[in-house]
Amino acid sequence: MMKILTPLFAVMNQNNKVPETEYFATTRQGYSQMLAWMATFGSIQRIGVECTGTYGSELLRYLHKAGVEVFEVTAPDCMERRRRGKSDTIGAESAAHAAFSEIRTVTPKTRDGMIESLRVLKLAEKQRYLPAESLFGLFIPILSLHRMNYVNCSEI
């Protein structure tokens with residue numbers, strides 16, 4: 001059975017404080033629960049997501065369909081990471097602070113359309129020169145699209 005990840009999400013209030021964090025499954029149902037949980041703190045202004053190109057791509061698509069403004073949050077700089085350490089809570093709070101303040105943020109790629117098709121073709125052309133492990137990042141978004149078909153299966 002495929003393992004369902006449960007990343008930590010954090011909310012930020014108007015005073016730039018984190019009142020609460022919570023884990024949610026990386027499924028459509030989990031994303032729906034996450035948005036409902038966030039809405040209990042007030043209106044959702046924007047959401048910061050790390051790794052929108054691979055592991056966060058499914059979440060990005062879900063949030064876009066829900067009409068939420070999404071920023072891709074880059075990793076904290078080395079000095080901040082050394083000062084605060086590294087944990088799920090620190091990472092979630094850091095992403096929430098970055099989205100709130102609009103620092104370390106970029107507009108995420110949508111991972112569809114002509115540009116994505118050209119990227120896949122270019123990777124396919126290079127495949128004969130690259131080891132198979134280097135193509136793993138290409139398949140994560142594809143697998144996440146089809147994962148919901150297999151969540152309830154006992155064997156894959």
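Select Glu93 to start: leaving aside residues up to four places away in sequence, Glu93 touches Ala10, Met12, Val18, Thr21 and Arg84, where a contact means heavy atoms within 4.5 Å. What you have open is a predicted model, in which local features need pLDDT of at least 70, side-chain atom pairs count only at pLDDT 80 or more, and totals for chains, interfaces and linings use all residues. Residues are numbered from 1 along each chain as its sequence is written, and side-chain values use heavy atoms, with hydrogens and water left out.

Stay with Glu93 and colour helix H4 (residues 88-101), where Glu93 sits. Helices (H or I, at least four residues) and strands (E, at least two) are DSSP runs, numbered from the N terminus. Is Glu93 buried or exposed? Glu93 is buried, with a relative accessible area of 19%; buried means under 20%, exposed over 50%, and partly exposed in between, using a 1.4 Å probe and protein chains only.

Glu93 and Met12 lie 81 residues apart in sequence, yet their C-alpha atoms are 8.1 Å apart in space.

Next, show the open sheet, whose three strands come in the order E3-E4-E5 with mixed pairing. Strands E3 (47-49) and E5 (105-106) are at the edges with a single partner strand each, so one side of each has no neighbour in the sheet. Two strands pair if DSSP finds at least two bridges between them. E4 (residues 70-73) runs antiparallel to E5, joined by two bridges. Select Val73, and you will find Thr105 of E5 opposite.

Finally, zoom out: the protein has six helices and five strands, and 30% of its 156 residues count as buried.
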